[in-house]
Amino acid sequence: MLKLTRRRQDYAWGYLMVAPTVIGVLILNIYPLLKSCYLSFTQSTGFGHAHFIGLANYVRMMHDPDVWQALVNTLIYTAVSVVIGVFLSLVVAVLLNQHIRGRGIYRTIYFLPVVSAPAAVAMVWRWLYNADAGLFNSLLQSVGLPAVHWLTDPHTALFAIIIVGIWSMVGYNMVLLLAGLQEIPRSYYEAAEIDGAGPVRQFFSITLPMISPTLFFVVVTSIIGGLQVFDFIFMMIEPMNTAMEYTQSLVYLFYKQSFMMGDRSYGAAIVMLLLVITLVITAVQMKLQKKWVHYND
Amino acid sequence: MAEVRLEHIRKAYGDNVIVKDFDLTIRDKEFMVFVGPSGCGKSTTLRMIAGLEDITSGKLYIGDKLMNDVSPKDRDIAMVFQNYALYPHMTVYENMAFGLKMRHVPKDVIKRKVQEAAASLQLTELLDRKPKALSGGQRQRVAMGRAVVREPSVFLMDEPLSNLDAKLRGTMRTEISRLHQRLQTTMIYVTHDQTEAMTLGDRIVVLNDGVIQQVDTPMNLYRHPCNKFVAGFIGSPSMNFLPARIVGEEGEVYLEGDGFHANVSYDMAQKLVDVGAREVLLGVRPDDIHDAGVLLADKKEIAGQGNVEIVEQLGATTLLHMRLGTQQIVASMPGGQEYAVGQQVPLVFNIDNLHVFSTHDERNLML
Ligand SMILES: Nc1ncnc2c1ncn2[C@@H]1O[C@H](COP(=O)(O)OP(=O)(O)OP(=O)(O)O)[C@@H](O)[C@H]1O
Ligand SMILES: [Mg+2]
C-alpha cells in the first residue's frame with residue numbers, strides 16, 4: 001500500500017472525482033479535435049488510409065464558392081438569431097419577472113420549445129411554412145397577399161430557418177436571464193426609485209449592468225450555438241432544395257463533404273475553419289467584456 | 001425642511017394588520033427615532049413614509065402636502081438602507097451623483113455638491129472606488145453621502161448602523177448626530193437598539209406589535225415609562241420586575257414580595273393607597289439597586305438579601321446577576337467593589353426611582 005499524507009489523499013480524491021469528466025472530455029472532445037486537425041492535412045484514399053498533402057485542403061477551401069457562401073450563411077444566421085433571440089429573451093425575462101397573473105404558466109410555455117423533440121418541432125414548422133397548405137400562407141392569402149415559398153425561395157429560406165432558431169433558443173436563455181434578474185436585490189430598485197429613476201432608467205442603470213454576467217454567458221453560448229447550426233437546416237431543407245446553397249451552414253457543408261461525398265479530409269478542414277472562427281469570436285468577446293460586464297466579486 | 005404628519009396610519013397585508021392607528025407628528029428639524037423589537041413594524045412605517053409601501057388607510061403629510069399617492073421621488077426624501085443598497089457597478093462618485101443626475105442638475109453643480117459631501121464624510125480619497133472595494137464603515141458613509149447630496153427635506157434611515165461592529169457603531173452614531181446638527185433637517189431613524197435610540201433621538205417612538213406605546217424624549221421614557229413594555233425596553237440592562245403586594249401598616253405603606261420588603265417614598269405611598277388592587281408589579285432598574293454594606297445603610301432600609309450567581313465586570317460598573325428569593329435580578333454596582341459567586345449581598349432599593357405597574361394591564365400606576 002502506498003502511504004499518502006492527509007493532504008495528498010485529499011488531492012487523490014479530488015482527481016478521482018474529476019476523472020470521469022476529464023476522461024470524457026479527452027476522449028469525446030480533444031481526441032476528435034486532434035484527429036480532425038490531422039485529417040485536414042491529409043487526403044483520404046478510402047479504406048481508412050490517408051496520406052499527407054500539407055495545406056492542399058485549405059487552398060481548395062479558399063477557392064470553393066460553397067465554403068464562402070456557407071460561411072456567409074453561418075455568420076448571417078448567427079448574427080441575426082443572436083441579436084434578435086437574446087433581445088427577445090431579455091424582454092420576455094423582464095416581463096415575466098413582474099408580478100403578473102399566471103406567470104408560472106407563461107414561463108412553462110416559453111420553456112416548452114427547449115424540451116420538445118427537434119424532429120417534431122421541425123415537422124410542425126415545415127407545415128407552418130408549407131407553400132400550399134401552410135398556416136403562414138393561408139394567413140397571407142386571407143388578407144389578399146401573395147403566397148411565399150418560405151423554404152424554397154433563396155431570399156427567404158435562411159430567415160425562415162433563423163425564425164425557428166430564435167423560437168427554440170428564447171426559452172432557454174429566458175430561464176437563465178430570469179434567474180439572473182431574480183438575484184438582483186429589490187433595494188437597488190427602491191434606492192433608484194427614491195433617487196428619481198423611472199422604469200426605463202432603472203432598466204439601463206440597474207437591471208442591465210447587474211444582469212450583464214448572465215447576459216454575457218447567454219451571448220457567448222448563443223453565438224457558439226449559432227455558429228454550429230445544423231439540425232434545423234438538415235430537417236427542414238431537402239438536399240435538392242433550390243435554396244440549399246443559400247441556407248447551408250459550415251457544419252452542414254462539413255456533413256455533406258464528410259458523409260455524403262465521403263471526403264473526410266476536406267470535411268475536417270471545414271471544421272477547422274469553423275473552430276478558428278469560433279475561437280477568434282469568443283476571444284474578442286472575452287476581451288470586450290471588460291467594457292460592459294460587471295462582476296460583483 | 002418639513003414637518004411629517006402621520007394621521008391614523010394603518011397597514012395591513014390581507015387580514016394581517018402590521019401597523020395599527022399610527023398617529024404622530026414629527027416636527028421640523030426633529031430627530032425622531034422609531035424603536036421596538038424585531039417585527040414590530042418600524043421598517044414598514046418608515047417605508048410607508050418613503051412611498052415604498054402603500055398606506056392601507058390614514059393620511060401622510062410631508063410639509064403641508066398630502067403624500068399618500070405621491071411617488072417616492074417627489075416626496076423630497078432621501079433614505080439610507082440597512083444594507084446600504086449602493087449600486088455595485090458605479091463608483092462612489094457615481095453613486096452619490098446618481099440622484100442629482102436623475103433630477104437634471106447641471107454637471108458642475110453635481111461635481112461641487114458631491115465633492116463637498118465627500119469632504120465632510122472623509123470620502124474624497126474613495127470617490128473613484130467601487131463599493132466592493134470599501135470597508136463596511138466606508139460603505140455606510142457613502143450611503144449617508146448619497147442621501148446628503150440630495151439635500152432632502154426629510155432623511156429616512158432604516159437601521160443604518162446594524163451591519164457595523166460595536167466600536168464603529170459608536171463612532172458613526174456621533175457622526176450622525178453631528179450631521180443632524182449641521183444639516184438641520186428632519187430625520188426619522190429606525191433601530192431596534194435602545195442605546196442608539198437614547199443617544200440619537202430628540203424624541204423616541206416606542207413601538208410594539210404595530211402599536212405606539214409611548215412618544216417622548218429619551219429621559220422621560222427612562223424616568224416615566226408608561227407601561228411595563230417601555231420600562232423593560234428602554235434602559236440597559238433591563239429593568240427588574242418583581243411581583244409585589246401593597247401592604248399598609250398604621251399609615252406606613254410598603255411593598256412586599258418573594259424575598260424582599262421595599263419601602264416607598266412618601267409620594268408613592270400616597271398613590272399606592274389609591275390603587276384598588278393589592279397585587280402589583282414592582283420595577284427596579286439595575287442602577288437603583290445598591291449594596292447596603294457599601295452605603296452603610298440602616299438595617300431598616302435593607303430590602304432583601306441577594307445571592308450572587310454571576311459576576312460581570314465591565315470596568316466602570318460590575319453587573320451582579322443574583323437570586324432574590326426565588327427570582328432572578330440584575331444589579332449594577334460600582335466597578336471598584338469585589339464580589340464572589342455565592343456571596344450574600346444586603347440590598348437597598350433607591351426609593352425615589354421605583355416603578356409600579358398594574359398586573360392586569362401593565363400600565364404604570366404612578367403616572
Ligand atoms: N410583504 C409582506 N407581507 C406580509 N407580511 C409582511 C410583509 N412585509 C412585512 N411583513 C410583516 O410585517 C411585520 C413588520 O415588519 P417590519 O419589517 O416593519 O418589522 P421591523 O420592525 O422593521 O423589524 P426588524 O427590526 O426585524 O427590521 C413583520 O411581522 C413582517 O413579517
Ligand atoms: Mg426593519
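1. Let me start with the interface: 24 residues of chain B touch 19 residues of chain A. Keep in mind that this is a predicted model. Together the two chains bury about 1,800 Å², and carbon and sulfur atoms account for 60% of that area. On the chain B side, have a look at B:Y87, B:H89 and B:M102, which contribute 28% of what chain B buries against chain A, more than any other three residues.

2. On confidence in chain A, the mean pLDDT comes out at 90, with 97% of residues at 70 or more. Within that chain, helix α3 (residues 65-96) scores highest, at a mean of 96, while strand β2 (residues 50-52) is lowest, at 82.

3. A few polar distances to oxygen atoms of ligand 1 are worth checking on screen. A polar side-chain atom of B:S43 sits 2.5 Å from one such oxygen. For B:E159, a side-chain N or O atom is 3.1 Å from a ligand oxygen. B:C40 takes part through its backbone, with a polar atom 3.2 Å from an oxygen of the ligand. As for cover, ligand 1 exposes 640 Å² when taken alone, and the protein buries 59% of that.

How values were computed
Residues numbered from 1 in each chain as written. Chains lettered and ligands numbered in written order. Predicted model: local features only at pLDDT ≥ 70, side-chain atom pairs only at ≥ 80, totals over all residues. Heavy atoms only, no water. Polar contact = N/O pair within 3.5 Å; in protein donor to acceptor, adjacent residues only side chain to side chain. Areas by Shrake-Rupley, 256 points an atom, 1.4 Å probe, with all protein chains shown as cover. pLDDT = per-residue confidence, 0-100. Helix = DSSP H or I, 4+ residues; strand = E, 2+ residues; numbered from the N terminus. Contact = heavy atoms within 4.5 Å. Buried area = accessible area lost by both parts, 1.4 Å probe.
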